[in-house]
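Let's take a friendly walk through this structure, stopping at a few places along the chain. Keep the picture in view as you read.

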Amino acid sequence: MTAPGVRRGGLQLCALRAGEQEFVLDLMRVEEVLRPGPVTPLPRAPAFVEGVIELRGKLVPVVNLRACLGLGAPETGRRRERFMVCLLGRRRVALR
């Protein structure tokens, strides 16, 4: 039995854009897509970790893909910015 929206034998992908580059993730790893909210900074965290968000009582680290990949500062007027909450291994992380 397959989950709703998943084709047997097929791979469904979810695309995200960071700068001029587009990336894809296996849709089965994406839990949800959220509008950005307040991020609590973490002292001594790597530069690409913006901090954490609280999501239904659990803390989820926020990773800035632009910083992680060295893509520079974002353009102004980013109206469609979202957090993509994903499972990477056993860890939940919000990609920005």
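R56 sits in the loop between β4 and β5 (58–63). Names such as these come from DSSP runs numbered from the N terminus: helices are H or I runs of at least four residues, and strands are E runs of at least two. This is a predicted model, in which local features need pLDDT of at least 70, side-chain atom pairs count only at pLDDT 80 or more, and totals for chains, interfaces and linings use all residues. Residues are numbered from 1 along each chain as its sequence is written, and side-chain values use heavy atoms, leaving out hydrogens and water.

Look at the backbone of R56: its phi is near 50°, a positive value in a residue other than glycine. Most residues other than glycine have a negative phi. With 65% relative accessibility, R56 counts as exposed. Here exposed means over 50% relative accessible area, buried means under 20%, and partly exposed lies in between (1.4 Å probe, protein chains only).

Now find R44, in the loop between β3 (30–34) and β4 (49–55). R44 is not a glycine either, and its phi is positive, near 60°. R44 is exposed, at 85% relative accessibility.

Our last stop is R82, in the loop between α1 (65–69) and β6 (83–88). Is R82 buried, partly exposed or exposed? R82 is partly exposed, with a relative accessible area of 30%. Leaving aside residues up to four places away in sequence, R82 touches V33, L34, R35, P36, L95 and R96, where contact means heavy atoms within 4.5 Å. R82 and L34 are 48 residues apart along the chain, yet 5.6 Å separates their C-alpha atoms.
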